[in-house]
There are 2 protein chains.
Amino acid sequence: MQIAILIFEKLTVLDAIGPYEVLRSVPDWEVRFVAPEAGTVRADSGALGLVADHSIDEVTAPDMVLVPGGEGNRPLLEDEHLLGWLREVDGHTRWTTSVCTGSLLLGAAGLLEGKRATSHWLYLDRLREYGAEPTAQRVVEDGKVITAAGVSSGIDMALGIVDRELGKEAAQAIQLAIEYDPEPPHDAGSPAKAPAEIVEAVTRIAAAEDEWLGARS
Amino acid sequence: MQIAILIFEKLTVLDAIGPYEVLRSVPDWEVRFVAPEAGTVRADSGALGLVADHSIDEVTAPDMVLVPGGEGNRPLLEDEHLLGWLREVDGHTRWTTSVCTGSLLLGAAGLLEGKRATSHWLYLDRLREYGAEPTAQRVVEDGKVITAAGVSSGIDMALGIVDRELGKEAAQAIQLAIEYDPEPPHDAGSPAKAPAEIVEAVTRIAAAEDEWLGARS
């Protein structure tokens, strides 16, 4: 299986790297990092560069595509070349997938029309703009389209894909190899579990960031 | 707080990026990726390049250092310049930390002598070579030295550091922001939980890889 992981300026790095670490562990699967242009993109924090060896134009028929999120996907939502590429690769894939606000890009490409899908909890309702049915689950599968919730959820999604493709034992072996036995210090990883004042604070901070980013674009 | 995350040729990327995504979420904390030489290093899979903006010689007094693992740390275990840098920065840090086999590097630098520490479960016993007491926990704190278990455990460690530095609310807010509410398809993330035949298979595969890598070095 050839897997194309899209990266772009100001992506959220863990969205891409969580599933990458799972998927690259399958010996016969080839992961290619692709970007609108081959070369280096910077993380949304600015602290790290990631190198895409391939431009999207060089990888047009992967068996799986994975689209991460991050503030950098805002201009891409109107980038017809990229959206056309997503539609083209979707014509070839076994699995078309996203993590976090990557689902907004799938939506903008028209690939979520009439489908159940998820996104980062803060942006879930925006999926309606693309004709999707927002579904508040960590991983949502509708046909060959699999969307995952915020940032860290791509790890769970990728393990699920290994499970579907290669069986329970393969998924367990990779989970064990990456020692994915989570023990966060608190149980606050979803809006249903976090204290109300934490949900409010994160919502308020994100709204202020969005406003600031919107004013700059 | 200034945080130096070491990267190097053939690192395991999630070891570094899991905690990065947590730590970079604190507005006042500055993350710097450092490598033996500034520039691009390749992941252990070969599929991705990561750009370190700084050489280790440029960042010598961070408040926190984080050392990831990966097959690429094998030659570094005998790299006196790097080990000297680790000792130097440890003289300045509030927290000296590692993920996965990164703890072997801390050990080789002499920083785990007489300390409780952990590592990837497959390499835990090797900590004895450095005078450490192998401790099979996901995150082990001994004084200012915090070591985390395999690959994905750095996320939990980083949330714990935010909790220690800034309090419960900050850790909860970041956990919520990265939607860290794990739902792996199976419960096989540690050798105590995975089926015995999976533990045996992963152990056998890793031993074969180690042998192959050892023959090449």
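*Entry 1: helices 5 and 6 of chain B*

I began where helix 5 of chain B meets helix 6 of chain B: B:Leu159, B:Val162, B:Asp163 and B:Leu166 of helix 5 touch B:Lys168, B:Ala170, B:Ala171, B:Ile174 and B:Gln175 of helix 6. Contact means heavy atoms within 4.5 Å; helices (H or I, at least four residues) and strands (E, at least two) are DSSP runs numbered from the N terminus.

The model is predicted, with pLDDT of at least 70 needed for local features and 80 or more for side-chain atom pairs, while totals for chains, interfaces and linings use all residues. Residues are numbered from 1 along each chain as written, chains are lettered from A and ligands numbered from 1 in written order, and side-chain values use heavy atoms, without hydrogens and water.

By class, I noted six nonpolar, one polar and two charged residues in the contact of helix 5 with helix 6 of chain B. Here Ala, Val, Leu, Ile, Met, Phe, Trp, Tyr, Cys and Pro are nonpolar, Asp, Glu, Lys and Arg charged, and the others, Gly among them, polar.

I then looked at the geometry: the axis of helix 5 (residues 153-166) of chain B comes within 6 Å of that of helix 6 of chain B, and they cross at roughly 145°. Axes are lines fitted to C-alpha atoms, for helices over the stretch in contact, with angles from 0 to 180 degrees between N-to-C directions.

Is B:Gln175 buried or exposed? B:Gln175 counts as buried because its relative accessibility is 1%. Buried is under 20% relative accessible area, exposed over 50%, partly exposed in between (1.4 Å probe, protein chains only).

B:Gln175 belongs to helix 6 (residues 168-177) of chain B. Leaving aside residues up to four places away in sequence, I found B:Gln175 touching A:Pro184, A:His186, A:Asp187, A:Ala188 and A:Gly189 from chain A, plus B:Leu159 and B:Tyr180.

The buried residues of helix 6 of chain B include B:Ala171, B:Gln172, B:Ile174 and B:Leu176. I traced the buried residues of this helix to helix 7 (196-216) of chain A and to helix 1 (13-23) and helix 5 of chain B, against which they pack. Just past helix 6 of chain B, B:Glu179 has a positive phi of about 45°.

*Entry 2: how the chains relate*

I superposed chain A on chain B with a rotation of 180° and 0.0 Å of shift along the axis, giving an RMSD of 0.0 Å. This is the relation of a two-fold axis. In chain A, A:Leu50 has the C-alpha nearest the axis, 2.4 Å from it.

In chain A I followed an open sheet of seven strands, ordered 5-2-1-6-7-11-10, with mixed pairing. Strand 5 (54-55) and strand 10 of chain A are at the edges with a single partner strand each, so one side of each lacks a neighbour in the sheet. Two strands pair if DSSP finds at least two bridges between them.

Why is strand 1 (residues 2-6) of chain A largely enclosed by the rest of the structure? Because five of its five residues are buried. A:Gln2, A:Ala4 and A:Leu6 cover one side of strand 1 of chain A, and A:Ile3 and A:Ile5 the other.

Strand 1 of chain A runs parallel to strand 2 (residues 30-35) of chain A, joined by five bridges, with A:Gln2 partnered by A:Glu30. From strand 1 the chain passes through helix 1 (residues 13-23) of chain A to strand 2, a right-handed β-α-β crossover; right-handed means clockwise from the first strand over the helix to the second, with strands pointing away from the viewer.

Three bridges pair strand 1 of chain A with strand 6 (residues 64-67) of chain A, again in the parallel sense, and A:Ala4 is opposite A:Val65. Strand 6 of chain A is also parallel to strand 7 (residues 95-99) of chain A, over four bridges; there A:Met64 has A:Trp95 as its bridge partner.

Two residues lie between strands 10 and 11 of chain A, and A:Gly143 in the turn has a positive phi of about 65°.

Methods:
Copies are superposed by least squares on the C-alpha atoms of residues with pLDDT of at least 70 in both.
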